[in-house]
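Subject: Structure for your review

Dear colleague,

Please find below the structure that I am handing over to you. My findings follow directly after it.

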Amino acid sequence: MTGGQQVFFYKRAQILVGDLYGALKNRQSDLKHAYFEGIEELTMFPDYRVPQILHHLGVFEYSEELSGAISAFKVIPHADQMEIEIRAATVD
């Protein structure tokens, strides 16, 4: 939750659409029902690897609290404010 509201990223749904598009994009003429309108609006998948790489490259700068937690190998609980902010920054 953030600001008292639950936040959804729909990671698995995005991966499903991305995988289907990747598998079918070259067969569009054969599959009339495999049209992906607006595929360019699909966001990056909000996983943990992309933020790790962006932080390593200096694109993301974490707060002292978050940097300390990461450096200490502390588990950031699911739906924790820090987790939500990392995922949200990835797809923003």
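R87 and E83 form a salt bridge, in which the closest N and O atoms are 2.9 Å apart. A salt bridge here is a side-chain nitrogen of Lys or Arg within 4 Å of a carboxyl oxygen of Asp or Glu. By this rule the count comes to one salt bridge. Both R87 and E83 belong to helix α4, where they lie four residues apart, about one turn of the helix. E83 has a relative accessible area of 13% and is therefore buried (buried means under 20% relative accessible area, exposed over 50%, and partly exposed in between, with a 1.4 Å probe and protein chains only).

Please note that this is a predicted model, in which local features need pLDDT of at least 70 and side-chain atom pairs count only at pLDDT 80 or more, while totals for chains, interfaces and linings use all residues. Residues are numbered from 1 along each chain as its sequence is written, and side-chain values use heavy atoms, with hydrogens and water left out.

As to the overall fold, the protein has four helices and zero strands, and its elements run α-α-α-α from the N terminus on. Helices (H or I, at least four residues) and strands (E, at least two) are DSSP runs, numbered from the N terminus. Of the 92 residues, 18% count as buried.

The residues nearest the centre of the second largest pocket are V7, F8, F9, H78 and E83, from a lining of 12 residues. A pocket is an open set of points on a 1 Å grid over the protein atoms alone, where a 1.4 Å probe fits, with protein on both sides within 12 Å along at least five of seven lines; lining residues have an atom within 4 Å of a point. The space in this second largest pocket is about 260 Å³, a volume being the space filled by probe spheres set on the points, which are joined across faces, edges and corners. Helix α4 gives the largest share of its lining, three residues. By class, the lining has seven nonpolar, two polar and three charged residues. Ala, Val, Leu, Ile, Met, Phe, Trp, Tyr, Cys and Pro count as nonpolar, Asp, Glu, Lys and Arg as charged, and the others, Gly among them, as polar.

The largest pocket has a volume of about 440 Å³. Its lining comprises 16 residues, with Y48, Q52, I70, I76 and I86 nearest the centre. At least two lining residues come from each of α2 (49-56), α3 (64-71) and α4 (81-91). Nine of the lining residues are nonpolar, three polar and four charged.

On the surface, I53, L57 and V59 make up a nonpolar patch with about 300 Å² of accessible area together. V59 sits in the loop between α2 and α3, and it counts as exposed because its relative accessibility is 55%.

With a relative accessible area of 74%, F73 is exposed. A79 is found in the loop between α3 and α4 as well, and its phi, near 70°, is likewise positive in a residue other than glycine. A79 is partly exposed, at a relative accessible area of 33%.

With kind regards

Methods. Patches are made of residues with over 30% relative accessible area and no salt bridge: like charges are joined within 9 Å, nonpolar side chains (Val, Leu, Ile, Met, Phe, Trp, Tyr) within 5 Å. Accessible areas come from the Shrake-Rupley method with a 1.4 Å probe; for residues, only the protein chains shown count as cover.
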